[in-house]
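This briefing covers the pockets, the cavities, the sheet and the helix packing of one structure. Please read it beside the sequence and the model.

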Amino acid sequence: MKAAIWWIRRDLRLTDNQALKAALEQADQVIPVFVLDPRLLGSPYVGAKRLAFLFAGLRQLDASLGEVGSRLVVRRGKAELELDRLAQESGAGAIFAEADYSPFARRRDAAVEARQEVRWSGSPAIFPPGSVMKSNREPYVTFSPFMRAWKRLPAASLPSQRFSPAEIHTPENLESENLPEFSPETGEQAFKAGEGAALERLEEFTQGEQAPIYRYASRRNRVDLSGTSELSPYLRFGMLSARTAASMAWKAIQAAPNKIARDEAQTWLDELIWRDFFIHILYHFPQVRRHSFRKQGVAWQKNPQALTAWQQGQTGYPLVDAAMRHLSHSGWMPSRARMVVASFLCKHLLIDWRAGERWFMQHLIDGDPAANNGGWQWSAGTGTDAAPYLRIFNPTSQAEKHDPQGGYIRHWLPELARVPNDYIHKPWEMPEKIQSQAKCLIGEDYPFPIVDHAEARERALEVYG
């Protein structure tokens with residue numbers, strides 16, 4: 001084959017890229033192309049911070065392509081039309097691409113296949129949908145048996161050596177659009193984009209006897225510490241291959257200096273398996289993108305004022321508010337905080353999980369259709385979990401446990417900066433004298449709680465009952 005198109009979607013990398021590898025093996029020339037599809041750019045689920053990170057990653061990819069003699073071709077329009085035009089211009093014999101599994105992606109990909117030959121290689125999952133199934137070939141719908149089946153798959157299928165091309169020949173006479181410019185205020189500064197930054201962060205997290213992966217289980221829930229890998233933005237856009245992440249996790253587990261360290265590292269691999277699980281759920285049950293997995297019949301309440309208070313970090317519960325302001329500022333939030341704020345919206349305020357899912361997608365740099373949907377349905381008790389109604393996080397006790405000195409709260413809620421430790425998690429209990437000393441009058445500088453936890457918990461149990 002003289003020429004082939006490498007259609008880049010969620011695989012902004014040269015390392016361990018199965019679609020790129022297949023294209024290079026079967027064609028003399030490879031055309032790396034990214035399509036600015038207005039159906040995605042104009043989606044109500046799009047987020048400016050995530051777009052800024054994506055475009056920064058594409059610029060980094062273009063630079064990496066330049067180092068191996070290639071370049072990124074950018075086209076604007078519907079993918080099926082633009083790829084058809086590019087194939088005609090270049091004489092490309094086939095399109096090579098990594099699979100994607102959201103309902104929109106599958107419709108779009110079918111439209112492309114109706115016009116051109118597409119050869120699929122690779123997956124955003126470690127083990128793609130269809131590879132982890134029950135003996136009767138039905139999909140798993142609960143995590144624990146899925147994880148056991150996942151772990152029975154051979155680790156040898158993960159890459160022991162990372163494929164990385166030394167040279168890519170690309171035609172020079174193809175037109176290319178400019179990538180949109182985004183200002184730093186849109187959140188691009190929160191994470192350094194690109195494959196190089198992703199691999200560097202992965203190696204720092206997993207390599208060496210003192211690697212953070214060996215303290216992951218102990219520190220991951222502390223919102224005041226940097227206890228997670230913070231690799232999800234890179235996995236979201238394939239700046240890091242999920243297979244490479246899993247391979248490094250396996251190596252860290254095998255090299256662990258003791259059993260405690262090994263168990264801590266295993267917990268991080270389990271989180272990667274959760275990510276696979278939600279990808280599989282979305283693939284096998286695409287209706288979850290719009291509907292609850294379990295038909296609970298919860299009577300969601302329409303409360304625009306409470307929703308706005310939650311979005312703006314004005315609920316009166318410090319951990320909830322700090323996390324929501326963190327999200328708005330940086331496009332990021334620790335995983336424990338995500339669970340707390342999601343539980344608060346769905347259980348304390350009884351607001352439909354879909355409102356929270358959309359807000360997250362509009363603000364998260366790592367907003368992923370499968371993981372975000374799975375996380376929200378888990379928190380709302382409408383997803384695959386077996387006993388969801390019992391999980392109603394107390395936002396105060398969660399703060400006391402996971403931000404014990406209030407460092408995270410004080411950072412994101414400057415109005416509480418002077419509040420003593422005894423009241424940082426319950427500022428509404430401060431005597432007036434201490435409020436004056438802390439320059440934080442409850443009801444003026446910081447709101448009273450918009451709902452009482454005990455009452456909200458009983459109401460949620462009754463509604464879910």
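A pocket is an open set of points on a 1 Å grid over the protein atoms alone, with protein on both sides within 12 Å along at least five of seven lines; a cavity is a set of points where a 1.4 Å probe fits but cannot get out, and lining residues have an atom within 4 Å of a point. Grid points are joined across faces, edges and corners, and a volume is the space filled by probe spheres set on the points. The second largest pocket has a volume of about 800 Å³, and the largest pocket holds about 1100 Å³.

The model is predicted: local features need pLDDT of at least 70, side-chain atom pairs count only at pLDDT 80 or more, and totals for chains, interfaces and linings use all residues. Residues are numbered from 1 along each chain as its sequence is written, and side-chain values use heavy atoms, with hydrogens and water left out.

**Largest pocket**

- Of the 36 residues that line the largest pocket, Glu 271, Phe 278, Ser 335, Arg 338 and Ala 371 are the closest to its centre.
- Helix 9 (232-236), helix 11 (259-284), helix 14 (335-348) and helix 16 (369-380) each contribute at least two residues to this lining; helices (H or I, at least four residues) and strands (E, at least two) are DSSP runs, numbered from the N terminus.
- Helix 16 gives the most to the lining of the largest pocket, namely seven residues.
- The lining of the largest pocket comprises 17 nonpolar, 10 polar and nine charged residues; Ala, Val, Leu, Ile, Met, Phe, Trp, Tyr, Cys and Pro count as nonpolar, Asp, Glu, Lys and Arg as charged, and the others, Gly among them, as polar.

**Second largest pocket**

- The second largest pocket is lined by 34 residues, and Leu 40, Ser 102, Phe 104, Arg 236 and Pro 369 lie nearest its centre.
- Strand 2, helix 2 (38-41), helix 3 and helix 5 are the elements that give two or more residues to this lining.
- Helix 5 provides the largest share of the lining of the second largest pocket, with five residues.
- By class, the lining of the second largest pocket has 20 nonpolar, three polar and 11 charged residues.

**Cavities**

- Residues lining the largest cavity include Phe 278, Ile 281, Phe 293, Asn 373 and Trp 378.
- Helix 11 and helix 16 are the elements that give two or more residues to the lining of the largest cavity, and helix 16 gives the most, with five residues.
- The lining of the largest cavity has seven nonpolar, five polar and no charged residues.

- Five strands form an open sheet in the order 3-2-1-4-5, with parallel pairing; two strands pair if DSSP finds at least two bridges between them.
- Strand 3 (73-76) and strand 5 (118-120) stand at the edges with a single partner strand each, so one side of each is left without a neighbour in the sheet.
- Neighbouring strands of this sheet are turned by 30° against each other on average, direction ignored.
- Strand 1 (residues 3-7) pairs with strand 4 (residues 95-97) in the parallel sense over three bridges, and Trp 7 has Ala 97 as its bridge partner in strand 4.

**Helix packing**

- Helix 4 (residues 79-90) packs with helix 5 (residues 103-113) at an angle of about 30°, with the axes 8 Å apart; axes are lines fitted to C-alpha atoms, for helices over the stretch in contact, and angles run from 0 to 180 degrees between N-to-C directions.
- Ala 79, Glu 80 and Leu 83 in helix 4 meet Arg 108, Ala 111 and Val 112 in helix 5, where contact means heavy atoms within 4.5 Å.
- This contact of helix 4 with helix 5 has four nonpolar, no polar and two charged residues.
- Helix 5 also lies across strand 1, strand 4 and strand 5, running at about 135° to strand 5.
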